[in-house]
Amino acid sequence: MSTQDPMLHPELLSPAPNEGIMRDGRRLDHAEAASKPLRSRPEPQPRGAKVHGNRPIDQAEAAARFIAAPEHEKMHDERLWDLRQKRDREMHDMEEWEELRALASGIKEHTLTHLDEYLEQFEANAVANGVHVHWAKDATDHNRIVHGILADHGAKSLIKSKSMLTEECGFRPYMASVGIEVIETDLGERIQQLDNEDPSHVVVPAVHKLRTDVAEVFSRTIGTDPANSDVHYLAEAQREATRPLILAADAGMTGCNFAVAETGGVTVCTNEGNADLSANVPKLHIASIGIEKVIPRLEHLAVFVRLLSRSALGSPITQYTSHFRAPRQGGEMHFVLVDNGRSERLGLEEFWTSLKCIRCGACMNTCPVYRRSGGLSYGATYSGPIGLIIDPTFNARKYSNLPFASTLNGSCSNVCPVKINIHEQIYAWRRALVERHETPLAKRAAMKAAGELLSRPAAYRAAIAAADIALAHLPRFVIYNGLNAWGRHREVPHPPKQTFHSWYEANRGEKP
Amino acid sequence: MRIGLFIPCYIDAFFPEVGIATLELLERFGHQVVYPRDQTCCGQPMANSGFNADCAATEALFVRNFSGFDYVVAPSGSCVHHVRDNFDAIEQTPEVKEVRSRTYELVEFLHDIQKVEAFPWARFPHRVGLHNSCGTLRRLKHATPSELHEPFYSKPVDLLSKVEGLQFVTPARPDECCGFGGTFSVFEEVVSTKMGYDKVSDHFRAGAEYIVSADSSCLMHQQGCAERIGVPIKFIHIAQILNGASA
């Protein structure tokens, strides 16, 4: 037995690992507030994956750096596991949970297989409501269209609520390049914007940061006291700094959780009311909508609203469920319907159901790999299990390693409120990437050799006999090219006196 | 019944006692158990890495070895999952389909086919934490996974409850993956071992003397992790306990 591994967190063996973070005798519950440093020694925030153009992202490398920051890793793991547990409690309170999931899945599959009809219906109803509707083929198109609308109004500043679609489109850098100031109004997203870092989670974008990290960012950007990491102080300082920008903004932008075809309206779910500010303070409201967000009827909204926040944060409903249907008097409303690869994905036989996703993040919260890696380790807009099956559709080369960042444990598929078979799609992506030769040569060679050895009993027996002699090391035929990787943080198995095969020959030697 | 005994490669090489316990246990119930000598592997390591074409010959060999038995039984959930759910690198002839549908994991076989009422020879006076591997839990459906709103059942708990003296302890995250994940354990070794450290620590804090599982691959990984960080816990396959191992 070797000595304590330096990677092991000192609290790993503490008697009460899940006690949470307490304050004034109560557990701190807010997703973005409950992270205190465990030790006084400051630990720099680990940064995400290294991105080199089109080269495959090395998720494992970035994950290893995240784990090497034990305070961050432990907080992140426990924070998200807590969300998973809250989700479970909500689930157990609803007898019809599994029925509701089946219903949600069915509605999405129906809509996606009649997408053209429902989109046209949505557009017609929105236009009838006085909304300007635009169609964007891809990210560039989206950014150009929004820029055009803003330019028409002479708008120089834009407040917006959280939207993964705009992340996907590289919207903020584009706006910066054309001289328009964008102010994120979601607290977590604002933290990430001020730190010039991507969101690490679709619902809680700064969940990988300790509150001391936030104090550092705010002290640098909005002038807070770097030594004060009290969450109320930080939230209040951000509010004070951002509110004047919100009041002075020329235009507002929201994303969209659900677009209802029969009404032509959109629904946005937030916990901070920031979508309402973005939509209602300026006279111009632009909503960016992925085309897969459409649902047929208003009654279907009830199914999804019941599932969304329960799956995401383990709360029965988001604090705000805001419905936008028509411009208010004297104002203007624009919907930008964005494809950006969705039509193509819809044509992929094994992967089209990933379009059912409602971006709740439940698969991330439950994923044991994600919780220990941090969302930024994936180096992509979408991280965690859903990211593994969506990202390769954007760039199969750059994201070719991601489907391998999974143990295929299947927990993601079980928590998914719209029943996407996520782990089966991860498995299918591995096959697809191998078929497209998007896997490393060494791995290809190792697998070919393994396949040949394991299909030839005599050669296989010889390999085991050799292994029997030198069993102090893990033989190649089990782990293939991973001899060193196995033993780096783990002991190798103890060699037995004989294999089962030789025991059988010795004890039950007669031929059957 | 005439049963083909499938002993996966890593059990053959590292855990012969698991293979022996499986063989003896099946014989206790009066079955004729045959161990085909030319068996190697089911093809899962290549298939799980996406290299499906590379496991065709191994799958064909598996079918040659295990055709014609009433049942094929293996003490390994993940291998059985591969054979039953993913074994499609070769043409699906009636013979291939027959072998796939007759392949059972040991716990399933004892619980669903043999319908064992008692293990009078078994006594295990220890506190054990049960590790349901992800393959047995979510694919072979050994038990209700905690993510689903379904009535509770657990085949391994049913079987182990018939063992005298055995006491269960419950870790805080009973269904959390231990991080083995086949080739994931080497290609993502840092995440894999961190998950393993957390897993064995969770069981240890719950008071487990032993972690018991129907998958030796998870146990091999967990044991390596426990020994590295100094968690004093022991590991045993469910076949050994059910066959009467006392420690």
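Into which domains does the domain assignment divide chain A? In this predicted model, the assignment for chain A gives domain 1, spanning residues 97-346, and domain 2, spanning residues 441-507. The centres of these two domains of chain A, taken over C-alpha atoms, are separated by 52 Å. The secondary structure of chain A consists of 23 helices and twelve strands. Of the 512 residues in chain A, 50% are buried.

Helix α8 of chain A, residues 187-194, is largely enclosed by the rest of the structure, because seven of its eight residues are buried. The buried set comprises A:L187, A:G188, A:E189, A:R190, A:I191, A:Q192 and A:Q193. Just after α8(A), a positive phi of about 55 degrees is found at A:N196.

A helix pair of chain A was also examined. Two packed helices are described by the angle between their axes and the distance between the axes. For helix α16 (residues 384-394) and helix α18 (residues 422-435) of chain A, the axes come within 9 Å and cross at roughly 35 degrees. The crossing of α16(A) and α18(A) is left-handed. On the α16(A) side, the contact is made by A:P385, A:I386, A:L388, A:I389 and A:P392, while α18(A) contributes A:I422, A:Q425, A:I426, A:W429 and A:L433. By class, this contact of α16(A) with α18(A) has nine nonpolar residues, one polar residue and no charged residues.

Chain B is likewise assigned domains: domain 1 covers residues 2-113 and domain 2 covers residues 127-242. Their centres, taken over C-alpha atoms, lie 22 Å apart. The contact between them takes 26 residues from domain 1 of chain B and 22 residues from domain 2 of chain B. On the side of domain 1 of chain B that touches domain 2 of chain B, at least two residues are supplied by each of α1, α2, α3, α5 (77-86) and α7 (106-113) of chain B. The residues of that side of domain 1 divide into 13 nonpolar, nine polar and four charged.

The two chains also meet one another, with 64 residues of chain B in contact with 70 residues of chain A. Several helices of chain B each supply at least two residues of the side that touches chain A, including α1 (9-14), α2 (16-28), α4 (56-66) and α12 (216-229). Helix α11(B) gives the most to this side of chain B, with ten residues. By class, the side of chain B that touches chain A has 33 nonpolar, 18 polar and 13 charged residues. Helix α11 of chain B also holds B:S201, which counts as buried because it has 24 C-beta neighbours inside 10 Å. The C-alpha atoms of B:S201 and B:P171 are separated by 9.1 Å, although these residues are 30 residues apart along the chain.

In soluble globular proteins, nonpolar side chains tend to be buried together. The largest nonpolar core here has 200 residues, and those with the most contacts inside it are A:I289, A:C363, B:V73, B:I241 and B:L242. Leaving aside neighbours within four places in sequence, B:L242 is in contact with B:L25, B:F119, B:A122, B:L159 and B:V163.

Note on methods:
Residues numbered from 1 in each chain as written. Chains lettered and ligands numbered in written order. Predicted model: local features only at pLDDT ≥ 70, side-chain atom pairs only at ≥ 80, totals over all residues. Helix = DSSP H or I, 4+ residues; strand = E, 2+ residues; numbered from the N terminus. Buried ≥ 20, exposed ≤ 12 C-beta atoms within 10 Å, placed from the backbone. Core = buried A, V, L, I, M, F, W, Y, C linked by C-beta atoms within 7 Å. Contact = placed C-beta atoms within 7 Å. Nonpolar A, V, L, I, M, F, W, Y, C, P; charged D, E, K, R; others polar. Axes fitted to C-alpha atoms, helices over the stretch in contact; angles between N-to-C directions. Left-handed = near helix turned anticlockwise from the far one by under 90°. Domains from an automatic or database assignment.
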